[in-house]
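Keep the picture open while you read.

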Amino acid sequence: LEVKQGKKKELTTVEKIRIEAAEYYHTKMLENGGKEYFLGKRQHSVDTVKAEKCGWSDGRLLDHLRTKGFSDKEMLDSGLVKEREVGSGNDKQMRLFDFFSKGLALFPHWSHGKVLHFTMKDPREIPVDEKLKYQLKNEQRDKRWTFYGQDVLYGDKYQEVILVEGEHDRLQILNTGIPYVCAMIGSISEDQLKTLSSRGIG
């Protein structure tokens with residue numbers, strides 16, 4: 001009996017940019033202060049950080065994506081690059097910048113080999129209410145995103161799933177060798193409750 005394999009769906013340009021960005025940020029994490037933050041301050045294991053491709057922003061993603069041949073419009077569509085007016089008077093002009101500013105810990109949210117979302121933590125030793133708090137905008141976040149580490153919810157591999165609040169909470173459990181954990185990223189939403197309910201969880 002001959003079994004025909006379905007044609008693998010080609011990645012969209014935005015999906016390609018997200019993956020390229022995740023790989024780029026991960027490389028930078030291994031080269032600079034991100035390694036000290038993730039492995040030293042937060043005490044995550046090397047294996048966990050590499051498996052999740054945790055990243056570190058350097059403010060140069062825009063330049064990197066341009067070398068890969070992506071257009072300004074494609075980068076703006078991904079949400080990882082933003083446009084801002086600079087200058088004054090007759091010298092005003094629109095310029096592109098990285099969405100994530102320099103020196104942030106980044107968490108790409110992977111699912112089936114694709115990056116659906118990015119969140120971040122401000123690593124600076126400053127009061128909590130002064131830290132930067134933002135993530136990829138809702139309109140740029142993949143509509144299939146539900147949780148950080150959501151793949152553990154699908155299929156029959158795990159009979160139970162540990163649900164935690166944030167990125168570091170999830171990584172800390174992964175450090176122990178327990179894989180069946182996903183993070184809400186803040187307070188649980190209605191959509192997340194519906195996802196859990198459909199899986200018979202909650």
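The radius of gyration is taken over C-alpha atoms, and the globule rule is 2.2 Å times the number of residues to the power 0.38. One thing to keep in mind is that this is a predicted model.

Q: Why does the radius of gyration of the protein chain agree with that of a compact globule?
A: For 202 residues, the rule gives a radius near 17 Å; the protein chain has 19 Å, so the two agree. Along the principal axes, the C-alpha atoms fill a box of roughly 65 × 50 × 35 Å.

Q: What makes up the protein chain, and in which order do the elements run?
A: There are seven helices and seven strands. Starting from the N terminus, the order is α-α-α-β-α-α-β-β-β-β-β-α-β-α.

Q: Why is Lys50 called partly exposed?
A: Buried means under 20% relative accessible area and exposed means over 50%. Lys50 has 45% relative accessibility, which lies in between, so Lys50 counts as partly exposed.

Q: Where is Lys50 found, and which residues does Lys50 touch beyond four places in sequence?
A: Lys50 is part of helix H3, residues 46-52. Residues up to four places away aside, Lys50 touches His26 and Leu30.

Q: What makes a set of residues a nonpolar core, and which members of the largest one touch the most others?
A: The members must be buried residues of nonpolar kinds such as Leu, Phe and Met, joined through side-chain atoms within 4.5 Å. The largest core has 22 residues, and Tyr25, Leu61, Leu65, Met75, Leu80, Phe100 and Phe118 touch the most other members. Helix H1 (13-31), helix H4 (61-67) and strand S5 (114-121) each supply at least two residues, and H1 gives the most, with six. A second, separate core of 18 residues includes Phe38, Cys54, Leu116 and Trp145. In soluble globular proteins, nonpolar side chains tend to be buried together.

Q: How do you know that Phe100 is in contact with residues beyond its sequence neighbours?
A: Contact means heavy atoms within 4.5 Å. With neighbours within four places left aside, Phe100 still has contacts, among them Tyr25, Ser57, Leu80, Phe118 and Tyr134.

Q: How many of the residues count as buried?
A: Of the 202 residues, 41% do.

Definitions and conventions. Residues are numbered from 1 along each chain as its sequence is written. This is a predicted model: local features need pLDDT of at least 70, side-chain atom pairs count only at pLDDT 80 or more; totals for chains, interfaces and linings use all residues. Side-chain values use heavy atoms; hydrogens and water are left out. Buried means under 20% relative accessible area, exposed over 50%, partly exposed in between (1.4 Å probe, protein chains only).
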